[in-house]
Amino acid sequence: MSVVVAVRGGWEGHRPVEATDRYVAKLRALGHEVVTSETLDTYLDADLLARADLVVHCWTMGTATAEQVAGLAAAVRSGTGLAGWHGGLIDSFRGSPDYQRITGGQFVHHPAEFVTYDVTPVTGHPVVAGIGPFSVHTERYQVHVDPAIEVHAVTHVDGVAVPVVWTTGYGAGRVFVTTVGHEIKDLEVPEHDEIIMRGLAWASR
């Protein structure tokens with residue numbers, strides 16, 4: 001049985017507790033032990049993180065101390081996986097390049113209004129294998145990314161492929177990211193929900 005730690009908080013507009021509860025329930029139903037937390041001091045608990053196979057991070061904006069970021073970084077470097085969606089993962093701690101090095105990308109902009117756009121898988125990686133293109137109507141993130149990430153799904157903006165789903169590594173740890181997920185309904189899109197569940201499994205130690 002895997003141990004999963006879900007850390008959630010920050011800007012309430014992304015409904016961090018409700019969004020993570022969706023996957024906490026799914027993971028528990030699969031037999032995993034899940035610990036939930038509403039404090040970033042969880043990243044100072046080295047014993048818990050050493051037991052954790054996966055951290056699901058859902059904390060939009062906010063500020064983390066250098067010690068909290070270092071605790072998370074140390075855990076991922078040693079093999080704990082990290083996964084999440086949208087601003088809960090890639091719009092955390094805007095002033096922390098050390099955090100952004102772990103995720104491999106950072107939110108920088110989205111259009112003022114929701115837009116409908118296609119998400120197109122582009123690899124045969126396990127997180128997207130066999131999943132065809134699908135559409136969402138939500139915020140469309142523009143991101144700055146580390147060129148070392150492996151992009152598995154994109155959307156096209158003015159002819160340019162923009163990363164939507166990617167994986168990366170940080171030390172011995174695996175990291176899974178999807179930029180979709182502003183509202184609960186975005187997590188309920190069947191193809192996207194499947195990608196998230198696969199991403200959680202892939203990133204886990």
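**The annotated domain**

A: Happy to! This is a predicted model. The unreviewed UniProt entry annotates residues 6–203 as "domain: ThuA-like".

Q: Okay, how far apart are the end C-alpha atoms of residues 6–203?

A: They lie 14 Å apart, and the span is 32% helix and 34% strand.

Q: What order do the strands take in the open sheet?

A: There are nine of them, ordered β2-β1-β3-β4-β11-β10-β9-β6-β7, with mixed pairing. At the edges sit β2 and β7 (134–138), each pairing on one side only. Neighbouring strands are turned by 20 degrees against each other on average, direction ignored.

Q: And how many bridges join β1 to β3?

A: Seven, and the two strands run parallel. Within that pair, valine 7 stands opposite histidine 57 in β3.

Q: Which strands does α1 touch when it packs on the sheet?

A: Helix α1 touches β1, β2, β3 and β4, and its direction makes about 170 degrees with that of β1. Helix α7 packs on the sheet too, touching β3, β4, β7, β10 (160–170) and β11 (173–178).

Q: Back to α1: which of its residues are buried?

A: Those are Pro16, Ala19, Thr20, Tyr23, Val24 and Leu27. Their cover includes strands such as β1 (3–10) and β2 (33–37), along with helices α6 (184–188) and α7 (190–203).

Q: How many residues does α1 have, and what comes after it?

A: Helix α1 has 14 residues (16–29) and reaches 20 Å from its first C-alpha to its last, close to the 20 Å expected. After α1 comes glycine 31, with a positive phi near 100 degrees.

How values were computed: Residues numbered from 1 in each chain as written. Predicted model: local features only at pLDDT ≥ 70, side-chain atom pairs only at ≥ 80, totals over all residues. Heavy atoms only, no water. UniProt positions renumbered as here; feature names shortened; annotations may be inferred. Helix = DSSP H or I, 4+ residues; strand = E, 2+ residues; numbered from the N terminus. Expected span 1.5 Å × (residues − 1). Buried < 20%, exposed > 50% of the residue type's maximum accessible area, 1.4 Å probe, protein only. Contact = heavy atoms within 4.5 Å. Pairing = 2+ DSSP bridges. Axes fitted to C-alpha atoms, helices over the stretch in contact; angles between N-to-C directions.
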